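Please examine the sequence and the structure shown below before reading on. The explanation that follows is meant to be read alongside them.

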Number of protein chains: 2
Amino acid sequence: MKTPVVPERGTLRPLGLDEVRLTAGHWAERQAVNAEHTIRHCLHWLEELGWIANFDKAAAGGPFERSGREFSDSEVYKLAEAMAWEIGRTGDPGLEERFRALTARIAAAQEEDGYLNTMFGHPGRRPRYTDLEEGHELYCYGHLLQAGVARLRCHGEDDFTRLCRRAADHVCEAFGPGGIEKVCGHAEIEVALAEFGRATGEARYLEQARLFIERRGTHTLADGGFGRVYFQDDVPVRDAEVLRGHAVRALYLASGAIDVAVATGDDMLLGAVRRQWDRAVSRRTHLTGGMGSQYTDEAFGADFALTPDRAYAESCAGVAAVQAAWRLLLATGDASCADMIERIAWNVLSGAVDPGGRAFFYANPLHQRTADEPPVAGELSHRAAGGQRAPWFDVSCCPTNLARTFAQFASYVATVDDAGVQLHQFTPAVIDTVVDGARFALSVATVYPEDGDVIVRIEANDGGERALSLRVPPWAEGARLTGPDGTVRDVEAGRPAVVTADFAAGDEIRLELPVEPRWTLPDPRIDGVRGCAAVEQGPLVLCAESVDLPGGADVAELTVDAAAAPVVRDGRVHVSARVHDRDAAGWPYGPAAPDDEGKTADIPLVPFRLRATRGPASMRVWLPLG
Amino acid sequence: MKTPVVPERGTLRPLGLDEVRLTAGHWAERQAVNAEHTIRHCLHWLEELGWIANFDKAAAGGPFERSGREFSDSEVYKLAEAMAWEIGRTGDPGLEERFRALTARIAAAQEEDGYLNTMFGHPGRRPRYTDLEEGHELYCYGHLLQAGVARLRCHGEDDFTRLCRRAADHVCEAFGPGGIEKVCGHAEIEVALAEFGRATGEARYLEQARLFIERRGTHTLADGGFGRVYFQDDVPVRDAEVLRGHAVRALYLASGAIDVAVATGDDMLLGAVRRQWDRAVSRRTHLTGGMGSQYTDEAFGADFALTPDRAYAESCAGVAAVQAAWRLLLATGDASCADMIERIAWNVLSGAVDPGGRAFFYANPLHQRTADEPPVAGELSHRAAGGQRAPWFDVSCCPTNLARTFAQFASYVATVDDAGVQLHQFTPAVIDTVVDGARFALSVATVYPEDGDVIVRIEANDGGERALSLRVPPWAEGARLTGPDGTVRDVEAGRPAVVTADFAAGDEIRLELPVEPRWTLPDPRIDGVRGCAAVEQGPLVLCAESVDLPGGADVAELTVDAAAAPVVRDGRVHVSARVHDRDAAGWPYGPAAPDDEGKTADIPLVPFRLRATRGPASMRVWLPLG
């Protein structure tokens, strides 16, 4: 099945890229741009910087000058995964050719015993596995194996999957019982081995994933500058209360733990991850769905430490959070996981790539104080820099991670169970699958979220009674559903709306979601946004940018009136605001807060994902109440 | 003169440690604890970790295993400076003996041509001056020369000052005209060379300081991961608009630039630094006087980026800000600089050391979310870690920096001009100096800031009419002054109160400052503290700690009523508050902010400097308004 996660059991079952096809709209366009531009762009930079050439040099033997950081191999593998899914989606022969060429270069660098890494174990370099804390060797294998999963499921066994098998076997040899009793400083091998085990049917890979999950938190890693919490080696997975430490590490680990729990029937472990996820969602997640508060260690902060201007909300943490939420959704059927996928996808993932697919955000703060100039074309940017997307980074994990996610995005749109189909994401698509042994096909028509109408048309039903479940987001108060017989009913926000019928081809179901823009207020304990409100429209978080303010005023000078509902005018959402022009001199603290009346103005907002697409601007999601 | 800064010109002139003696009260106690405990504590750790032994090993020649970070030599020099001032203050013969022993070990490592550094230029190590961006070689010389200034002024020429001269000569050779045309990644050599030039009368040292100041901002350093702004090499000093980049670097540089401007009569340069300082004070300074908002690069953030829980407010930035403010005060006579010194001294510096003088804060955030356990005794702590003071750090610049500052603290209490004496800091002291050629002596009696009465008694006046100027802080609305003739008058807050008279011994002047606790509100543009108020009492910033809340509730559950004035009861300041017990589940954003009424309670506050002295606690300065 052409899909990244195929659990042994669970409430819902995934669909493959051959069962769900995106036909139009935002996500189809993101996929097209990804195929047309992003994948090529990544390939260009990986060649340009010599990160692929590292494999050629390692294959040649002898000492060599290596390019990139210790984890640069993983960028090559993530791009290979993106290519593998894209080939699975479209069968693009040119891409297939490039994939094979890349395979040959990677394979040449693999050693006799399966070891494969351009950073360690070569003449003049540190020996294998001498820096598990920071060396990322197992992390790199993890991304290799996830590419192997994509290739096996979209193509079948070939040179690439065989080199993956050798690598996986080597990891089991080296880190299995009697081997090195440690884990990798960056979780990733766990989730990869578990799925590679599913894709190959090799039980030892899953068992090795289980070993790694159980080992983490037992202090097998040395305590670094950020503490063991940084790589979740502080507390065993099953004992932890919340997601913590480096956000991408935490979320890859959670994904791997869910896979292991599902595969082994370990409900205690599944419950532990679920508890950690729930607390992270309620106390450690930004409005955009972004996770990670700290620039220093790219980490989840403490509960309620959600400052918008220093929200790290790394793009890769968005990718990883979607992976974790998807696994929880399959395991539990809880629609709130699909709500979170929607929020992250629209606000973090889509906004992390520019519309042209060749510039990226690494960090996704909700407040940009300065109107920064765009990066110089052709130069590497610092990952945490500035308010404009950059073509590539010193640490460039995000572009390839986004590329593989967009290529597999159709997988996250819908699921099946024995009763029918569950539609989780609203986007024009054709879903053609089998329910309980009989074909069940439907198409989705919508221009969501610009409009809230979602029309599902039954294209084929070779079985009898089927349940069609449509997610109703928690913000969708007043949503209505029109059944195939034309009856209209109110449906509850935050609970799936289910229509059960002996559907016939041509039947239509219409879900009406209220997508009027709305004010959103934060939990009073979130210090960073106290006294502010934000505007959302459907799943979209909106923001104000200085380029839309009178005279290009800084967003620091903006206050809003949340008593007045936001309105749509000329196709854009507007809010009632005041624009101030405050004195900057003197000590800024005193017996009374100085302020001026300001000038009233109707300010247009822009979807967060489209920020920084109109030149340098200061920007904020959370708008101070006047 | 036993004082760290002796400018060629300026509105006010400094007094030496032999002219101002602290007789009792908080600062005398801090000095005693510093002498008794902190200096010994630092010496112990420097020996224990081998940072002094690095000099012995370098002296022995041949390759050696070196301890500590690249800048660890500077800790030894800062401790030497603390010892030199302390010897100047008390003449402690045991300390003098230790100083000489340390001198011998340092001197043995100096090379023929004056070069002195244990990190570079030794067999098996990188050659001299091959990493000016990060190597800290010139920075280390800077701290050496500041110790040399202290030794020259408190003792006179000796082996230590001679080794300093050789080092300064070497720097001028190596980096002067025709030499290496670069600066050091960490400013410090500038301020040190300027003052060492003043102390020795060698004009070439000042000229070299001037060269370094002019060179910075011309991109002589390679752009690192944090950008050239990190080490202020982005824009020339005289063109910059605000203090920016790494806070300690920025403030040491500002201090050096003021020295050069004053020495060369460069009012444009002085004006530029003044402008940068003023903007930093009005937009980039925390209520405590702490400077630096970003953990990642220990840097000033953008304007109004002053989040309390991620306020870095490094202790060393407090030390450096006092240095800059003191130089501006001497140059301009602007009492607001003394206000800032008071604020930083009471809230940052005093609080960065525990009352016993053997545990330290490196970062001084205004909000501690978690009740952290104290560090393990005898172990190094990460500099940015947690809510409890630590005995020593991986990067341990702060303990020795605080030690040298407390040892010289009497210098910052008062100044003179041709008309009389200006009293800047209120602490029990005897000031015995010469005004316009004649002895003028006075004593200060006060228990400020617990009480606002400051009584100045004239002890001797061998001249005629003298002006006694007493700083009246800007918060001191309603302050009154009683002249030597018993007349009482109101004095204006924020302007010095001057009494001019033909004083006779026994005359008393009484300044009454209102030190009732008061609510303080922030500029509405400071996003991190919107909707909050803080309580101050005189110069003290207060905070709430969880150990004082009913049931030890987390400070996240606190809201306060700022309509009710804070009151003093049983010797502690109390505020009217509500303590909540809020539900944690679910998505924390929605159409209405969930909240509960909470239970009303009178909550005692504690001075910020005394936080974390009663075991693990969550803490906050800025209290959310209920």
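The model is a predicted one. Chain A and chain B meet through 57 residues from chain A and 57 residues from chain B. Together they bury about 4,400 Å², of which 54% lies on carbon and sulfur atoms. On the side of chain A, the three residues that contribute more than any other three are A:Arg525, A:Trp587 and A:Tyr589, which supply 17% of the area that this chain buries against chain B.

Six salt bridges are counted between chain A and chain B. One of them links A:Glu557 to B:Arg525, with the closest N and O atoms 3.4 Å apart. Several elements of chain A each supply at least two residues to the side that touches chain B: helix H10 (267-283), helix H12 (335-352), strand S14 (518-522) and strand S20 (589-590). Of the elements on that side, S14(A) gives the most, with four residues. By class, the side of chain A that touches chain B comprises 26 nonpolar, 16 polar and 15 charged residues.

Strand pairing also crosses between the chains. S14(A) runs antiparallel to strand S20 (residues 589-590) of chain B, and two bridges join them. Here A:Leu521 stands opposite B:Gly590.

Within chain B, strand S15 (residues 532-537) is mostly covered, six of its six residues being buried. In a regular strand, side chains alternate between the two faces of the sheet. On one side of S15(B) are B:Cys532, B:Ala534 and B:Glu536, and on the other are B:Ala533, B:Val535 and B:Gln537; all are buried, so both faces are covered.

S15(B) has antiparallel partners. Three bridges join S15(B) to strand S14 (residues 518-522) of chain B, where B:Trp519 stands opposite B:Val535. Two bridges pair S15(B) with strand S24 (residues 623-624), and B:Pro624 is the bridge partner of B:Cys532. Strand S16 (residues 540-545) is likewise paired with S15(B) over two bridges, with B:Gln537 opposite B:Leu540. The hairpin of S15(B) and S16(B) has two residues between the strands, and B:Gly538 takes a positive phi near 55 degrees there.

Elsewhere in chain B, B:Ser67 lies in the loop between helix H2 (53-60) and helix H3 (72-90). The side chain of B:Ser67 reaches the backbone oxygen of B:Leu49 at 3.3 Å. Beyond residues up to four places away in sequence, B:Ser67 touches several others, including B:Trp51, B:Asn54 and B:Lys57.

Notes. Residues numbered from 1 in each chain as written. Chains lettered and ligands numbered in written order. Predicted model: local features only at pLDDT ≥ 70, side-chain atom pairs only at ≥ 80, totals over all residues. Heavy atoms only, no water. Contact = heavy atoms within 4.5 Å. Buried area = accessible area lost by both parts, 1.4 Å probe. Salt bridge = Lys/Arg side-chain N within 4 Å of Asp/Glu carboxyl O. Nonpolar A, V, L, I, M, F, W, Y, C, P; charged D, E, K, R; others polar. Pairing = 2+ DSSP bridges. Polar contact = N/O pair within 3.5 Å; in protein donor to acceptor, adjacent residues only side chain to side chain. Buried < 20%, exposed > 50% of the residue type's maximum accessible area, 1.4 Å probe, protein only.
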